[in-house]
Amino acid sequence: MSANAQARETLPPLLFQLAGHRLRWRLLNELAHSDRQVRELSASLGEPQSLVSYHLRRLRAAEIVSARRSSQDGRDAYYRLDLDRCGELLSRSGAALHPGLRFTRSTLENEHRRRTPRVLFLCTGNSTRSQIAEALLRQLSGNTVEAVSAGSNPKPLHANAVRAMSERGLDLSDHRPKHLNTFTRRRFDYVISLCDRVREVCPEFPGAPQTIHWSIADPAAEPGSETETYAAFERTAAELETRIRYLLNRINDQATKQPRR
């Protein structure tokens, strides 16, 4: 068999094999927007839960999708899309066809923003996850995005959250927890819940903002001393930083579609 014939018989790259299936492509689109439970995906796509679960297993086997038990109800699990993994596979897929098609990361430049986008991060205590997310979004956006945070049951800021941000050059020492009722009359473009409990009690906000759920474990719930659990806060900060970088691309993409002033 000639080399050209062998090349034609080579299987498509993994991402193309997985995303080429109509239902898996729809699952990827749903999870690119927000973490979801199986029953939510089933209802949204109009497909049986057993079929959705089968294709989620295929995506999990490829490490494109992961699952985490809900902190609200341990019988449920939230599925999330690993965008870094998708980017890696997309780059490989392009290079498999032609070296010139190897994709690299880029940040969308936005010169058409009509107004400052507003983002609200929510968790139960507003003591760690939402405070970290607020600070990171301000930093990574260069303060071009207005970010605030609140909780359904506010608690004092956790010392490890302050420490984790301090090591990233961000000072949270003067931040104070706020109740989500403080913001129920304000308009936001995005309302992002970071814990499973607050998602269940999240009120409606005026202006129909985009609602997104990121199912992120509470590092303060890790057993051990403050020193022993610090690594969990670092992991939380790292995960939030990754998610926020992708969120910024979405914000910029939406902003460029708005008419200029």
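Which residues does Val38 touch, not counting residues up to four places away in sequence? I looked this up before anything else, keeping in mind that the model is predicted.

**Entry: Val38**

I find that Val38 touches Gln49, Val52, Ser53, Leu56, Ala77 and Tyr79, with residues up to four places away in sequence left out. I place Val38 in helix H4, which covers residues 38–45. Is Val38 buried or exposed? I note Val38 as buried, because its relative accessibility is 12% and the cut-off for buried is under 20%. I also looked up a distance along this part of the chain. Pro48 is ten residues apart from Val38, and their C-alpha atoms are separated by 9.7 Å.

**Entry: cysteines**

I went on to look for disulfides. A disulfide is a covalent bond between the sulfur atoms of two cysteines. How many disulfides does the count come to? The count comes to zero. I took Cys195 as a case to reason through. The closest cysteine sulfur to that of Cys195 is in Cys123, at 5.7 Å. The rule asks for sulfur atoms within 2.5 Å, so the pair of Cys195 and Cys123 is too far for a bond.

I then checked how covered two of the cysteines are. Cys195 has a relative accessible area of 1%, so I list Cys195 as buried.

I traced an open sheet of four strands, and wrote down the order E4-E3-E5-E6 with parallel pairing. Which strands are at the edges? They are strand E4 (146–151) and strand E6 (210–213), each of which pairs on one side only. Neighbouring strands in this sheet are turned by 20° against each other on average, with direction ignored.

I looked at one pairing in detail. Strand E3, residues 118–123, is joined to E4 by six bridges, and the two run parallel. One residue I followed was Leu122, whose bridge partner in E4 is Ala150. Helix H7, residues 129–140, packs on the sheet and touches E3 and E4. The direction of H7 makes about 175° with that of E4.

**Entry: the whole chain**

I ended with totals. The chain has ten helices and six strands. It holds 261 residues, of which 41% count as buried. I noted an accessible surface of about 14,300 Å² for the chain, with 48% of it belonging to carbon and sulfur atoms. Among contacts between residues at least 6 apart in sequence, 66% join residues at least 24 apart.

Definitions and conventions:
Residues are numbered from 1 along each chain as its sequence is written. This is a predicted model: local features need pLDDT of at least 70, side-chain atom pairs count only at pLDDT 80 or more; totals for chains, interfaces and linings use all residues. Side-chain values use heavy atoms; hydrogens and water are left out. Buried means under 20% relative accessible area, exposed over 50%, partly exposed in between (1.4 Å probe, protein chains only). Contact means heavy atoms within 4.5 Å. Two strands pair if DSSP finds at least two bridges between them. Axes are lines fitted to C-alpha atoms, for helices over the stretch in contact, and angles run from 0 to 180 degrees between N-to-C directions. Accessible areas come from the Shrake-Rupley method with a 1.4 Å probe; for residues, only the protein chains shown count as cover.
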